[in-house]
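The following explanation is intended for a reader who is meeting this structure for the first time. It turns to the meeting of two chains and then to a single residue.

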There are 2 protein chains.
Amino acid sequence: MKWVYIKDLKGYLGQDVVVKGWVYNLRVSKNIKFIIVRDGTGLLQSVVVKAEVSEELFNSIEDLTQEASLEIHGTVKDCERAPGGVELAVKGFKIVGKSIDYPITPKEHGTPFLMENRHLWLRSKKQHAIMRVRARTIKAMRDYLDSNGFLGLESPILSASSCEGTSTLFACEYFGEMAYLSQSGQLYAEATAMAHGKVYTFGPTFRAEKSKTRRHLTEFWMLEPEMAYYDLDMNMDLIENFVSYVVQTVLKECKEDLIVLERDTSSLERVKAPFPRISYSEAADILEKECPDFIRGEDFGAAHETAISQRYDRPVFVYDFPKVIKGFYFKESKDPNFVRGCDLLAPEGFGEIVGGGQREDDVNKLLEGIEHHGLNQDDYKWYLDLRRYGTVPHSGFGIGVERTVGWICGVHHIRETIPFPRTINNLRP
Amino acid sequence: MKWVYIKDLKGYLGQDVVVKGWVYNLRVSKNIKFIIVRDGTGLLQSVVVKAEVSEELFNSIEDLTQEASLEIHGTVKDCERAPGGVELAVKGFKIVGKSIDYPITPKEHGTPFLMENRHLWLRSKKQHAIMRVRARTIKAMRDYLDSNGFLGLESPILSASSCEGTSTLFACEYFGEMAYLSQSGQLYAEATAMAHGKVYTFGPTFRAEKSKTRRHLTEFWMLEPEMAYYDLDMNMDLIENFVSYVVQTVLKECKEDLIVLERDTSSLERVKAPFPRISYSEAADILEKECPDFIRGEDFGAAHETAISQRYDRPVFVYDFPKVIKGFYFKESKDPNFVRGCDLLAPEGFGEIVGGGQREDDVNKLLEGIEHHGLNQDDYKWYLDLRRYGTVPHSGFGIGVERTVGWICGVHHIRETIPFPRTINNLRP
């Protein structure tokens, strides 16, 4: 008999098939029993009618427990009320693996317990939906870039130097010297952009921050495009088209997952280019009025980001930041106290999801920046070479996968947006 | 005037456009000068005829040096002999960034020098072609899986335990305890496969091996699919279809790059499923006759792999390996001295590119294996849970990105197949 995934059953109406999966739930009454089966692609209502099967089969259903694995066969039938629009009229089943005292029951569990059992928690309906959104978000990101002339080229993870100081770096012994885990692939993406024009790097990045906020992980995934001959305006044009494409694609492809997540999608439907753009100075004018704790010249806190973003119905760019709060590699604005950075703030208080900017292309200004930030010039010799041999104006940005997925899913804590989150307290499983 | 990438110029015949790029080469004679420009998407022959431009413009071309960046404008003309089939009749240009004494000249350089200048070496024609093949290989891998019901879910990089012993692990201090860099995402992919059915993990993996062979990197990228309810035969069916798709897709999409690499593509054209399958015991029979140094029961060396693979015109599977040479997580074969692993050996001496197998799904056998390998059972509690709660037969494999790209490109040393290679001697740039 043919093995069919639940998502494909619609095409097998009236046919006898096998489904291989796990027991998601049981509903039992005197004359009819329902086994809800999951196989990773969907949920299937499997119906066992007492009058239609052997007594032995009917009674053995009581042995099925949550998350027992089973191969179940029967006839596929139309059923509008059932999930997926079909149900299985069961003719028989075989238990593949038992499941005794499965730890995650339908009752409420505390987060520490669920995090300890992340390997099982991933099977739960909500986590399942988030992971599907995650996979499709990453695919949409890559698809957009691949079909717009970008080349995906990975940056190294281990490196002898750091991108922005060493205070939040994880260090590791590397054959007698120290290596650091990448905090960003940007500097390397700048090198490949000089070779290929438009590139992106995708990979894990690391911050040894002791923050315990709901927006921080020690290990998170970033996608970082970098474009030769792009200035800041072209960069923002690209970002808004990219983000709009990703959100609209996921909205279309993950409809059912977003329903499971009870996500109000109306605000996501509005995410279409162009996005409003305000300078840091304009944002500071607003914040000085609205947030007594805001100090002009300093970086935004979460509350400040929310105060700005709630004024708009879609993501908003803030650009041209004070030089002192940004990395050494940003290009100076016309006013040399500012640099050509741009952050994109998501609506609904989800905060910064993109950080980008135009890079300094003048070797002497870059040297000043490296000295000013107290960095070791030797570590950046290769990076300076990019300005010595055919420098060009160039820009790029980084988008955090987990923050983007959290925003799209409407999930409060970022730890639910990655299969196995790493935080200051979580290195297992 | 419109900025056009070189790859798109064919669509602008007769029009005036700007190209933004770098000087790749100059050919100068008395009455005509050729500037070969690269912009990451191709090479463009730009022609300056003395009689058609100002004397000042004609003479200033001598100032252009290798890798100087420039914006050049003119009329796009048909030219069959030129790369890309078009040339630019130059009307003017502007130098964007100088390039004085560019280190990598058309003369031969030693590998250590090129590795030190990897950030610039990437601009060279051959490296450029390899990186394009790399990006398209990864895209083809992901596309195949995405369109065959797999969900891409990343495994963690930092972890409190190791997959296969700690002797070749990079360790890093993690808020007061030790964390290890992932050698494989497999164990985590097994957990997500139990939630989603068919998954793959893509990411960097690390081996602190002191090997200096041409087939080893300390940091390399792996793609690892994992499938619930798959046995070894289904796994091999999948692998051969997957590898065939990837090779045939790259052959089609990277024709010009493979010409640059002078790759004889006839052997790649033969890479079509099904692939021959021989057991380890059959392979050992062959090797005992052909390789005096081979010892039955031990793992293959590079020479052994070549001796086997050269007997076939396409990749060959070896399956059912002696238990003692494989990881603790392999499922036993019918003969309990063997396990259900499968390696795929590429032709032409490129060796193993895929390692896969069916996983042990019996919790007691797995416990024996963990004890036998001297591993700490507590580290694997979560992994054992996958067998305690609804265990199912399952299989998966890992394919090394760099080895695959090396094979497709016909590149001898794996260090040229990744943008910034990491080996025992290379942590920079």
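Predicted model: local features only at pLDDT ≥ 70, side-chain atom pairs only at ≥ 80, totals over all residues.

In one salt bridge, the side chain of Arg134(A) meets that of Glu154(B), with 2.8 Å from N to O. On the side of chain A that touches chain B, the element that gives the most is helix 4 of chain A (residues 125-146), which supplies nine residues. That side of chain A is made up of 52 nonpolar, 20 polar and 24 charged residues.

The extent of the interface can be described in further terms. Contact between the chains involves 96 residues of chain A and 96 residues of chain B. Between them, an area of about 7600 Å² is buried, and carbon and sulfur atoms give 66% of this area. The rule also finds 43 residue pairs in polar contact across the interface, with both residues at pLDDT 80 or more.

Gln45(B) belongs to strand 4 of chain B, which spans residues 43-49. Is this residue buried or exposed? Gln45(B) has a relative accessible area of 11%, and it counts as buried because this class takes in values under 20%. The side chain of Gln45(B) is joined to that of Glu87(B) by a polar contact of 3.0 Å. When neighbours within four places in sequence are left aside, the residues in contact with Gln45(B) include Arg27(B), Phe34(B), Ile36(B), Cys79(B), Pro83(B) and Leu88(B), with Glu87(B) also among them.

Technical notes
Residues numbered from 1 in each chain as written. Chains lettered and ligands numbered in written order. Heavy atoms only, no water. Contact = heavy atoms within 4.5 Å. Buried area = accessible area lost by both parts, 1.4 Å probe. Salt bridge = Lys/Arg side-chain N within 4 Å of Asp/Glu carboxyl O. Polar contact = N/O pair within 3.5 Å; in protein donor to acceptor, adjacent residues only side chain to side chain. Helix = DSSP H or I, 4+ residues; strand = E, 2+ residues; numbered from the N terminus. Nonpolar A, V, L, I, M, F, W, Y, C, P; charged D, E, K, R; others polar. Buried < 20%, exposed > 50% of the residue type's maximum accessible area, 1.4 Å probe, protein only.
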